[in-house]
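Reader: I am new to this one. Please show me the structure, and then I will ask.

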Amino acid sequence: MYGQASPFSPRHQRPNNAYTRVGLETEVHDASPHRLIALLFDGLFANLAQAEGAMLGGQRELKTQALMRVVRILDEGLKAGLNMEEGGELALQLHGVYSFCTVRITHANLRDDLEALREVRRILTPVREAWGQITPAIDRATDQAAAA
């Protein structure tokens with residue numbers, strides 16, 4: 001869906017080309033709040049995939065690093081970005097989902113529980129897809145506001 005690697009991807013998956021890195025940093029800097037959340041989801045899913053591969057390959061350190069990034073994205077990105085005052089029931093529910101996923105990721109890390117990783121992916125995939133579906137509505141609203 002997105003042409004460039006997420007800034008939240010593991011270092012070895014990020015482009016090494018300086019021009020590409022600058023382009024990615026510019027994308028993050030210039031991104032709308034909606035786009036930033038999409039980038040967080042990109043990074044989260046990339047790190048889940050890396051952790052699963054590392055778990056299957058017995059690479060404990062790589063697995064732990066990837067899962068630590070997932071927890072940081074959940075806690076410092078997605079959960080911290082929720083507007084609990086104005087978000088109502090939806091924000092409260094997402095907060096609970098992100099908190100549950102953090103607990104499951106911690107469990108997966110401690111117990112090498114591949115099914116817990118897959119559970120988190122199953123839970124968050126519809127949230128990510130729903131977020132992607134509201135993009136056109138946000139773009140239309142922005143265009144209408146600019147035209148007014």
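Reader: Which residue lies over the face of Phe45?

Author: This is a predicted model: local features need pLDDT of at least 70, side-chain atom pairs count only at pLDDT 80 or more, and totals for chains, interfaces and linings use all residues. Residues are numbered from 1 along each chain as its sequence is written, and side-chain values use heavy atoms, with hydrogens and water left out. A charge sits over a ring if NZ of Lys or CZ of Arg is within 6 Å of the ring centre and within 35 degrees of the ring normal. At 4.5 Å from the ring centre of Phe45, the residue over the face is Arg128.

Reader: Is Phe45 buried or exposed?

Author: Phe45 is found in helix α2; helices (H or I, at least four residues) are DSSP runs, numbered from the N terminus. Buried means under 20% relative accessible area, exposed over 50%, and partly exposed in between (1.4 Å probe, protein chains only). Phe45 has a relative accessible area of 11%, so Phe45 is buried.

Reader: How far apart in space are Phe45 and Arg121?

Author: Contact means heavy atoms within 4.5 Å. Leaving aside neighbours within four places in sequence, Phe45 is in contact with residues including Arg121. The two are 76 residues apart in sequence; C-alpha to C-alpha in space, the value is 7.4 Å.

Reader: Which side chain does a polar contact of 3.0 Å join to that of Glu52?

Author: Glu52 lies in helix α2, residues 33-56. A polar contact is a pair of N or O atoms within 3.5 Å; within protein, one must be able to donate a hydrogen and the other to accept it, and residues adjacent in sequence count only if both atoms are side-chain atoms. For Glu52, the partner at 3.0 Å is Arg121.

Reader: Where does α3 bend?

Author: The 20 residues of helix α3 (residues 60-79) should span 28 Å at 1.5 Å a residue, and the end C-alpha atoms are 27 Å apart, which agrees. The expected span is 1.5 Å times one less than the number of residues. A bend is the angle between axes fitted to the seven residues ending at a residue and the seven starting there. In α3 the bend is about 30°, at Ile73.

Reader: Which helices do the buried residues of α3 pack against?

Author: Among the buried residues of α3 are Ala66, Leu67, Val70 and Ile73. They pack against α2, α4 (88-111) and α5 (114-133).

Technical notes: Helix = DSSP H or I, 4+ residues; strand = E, 2+ residues; numbered from the N terminus.
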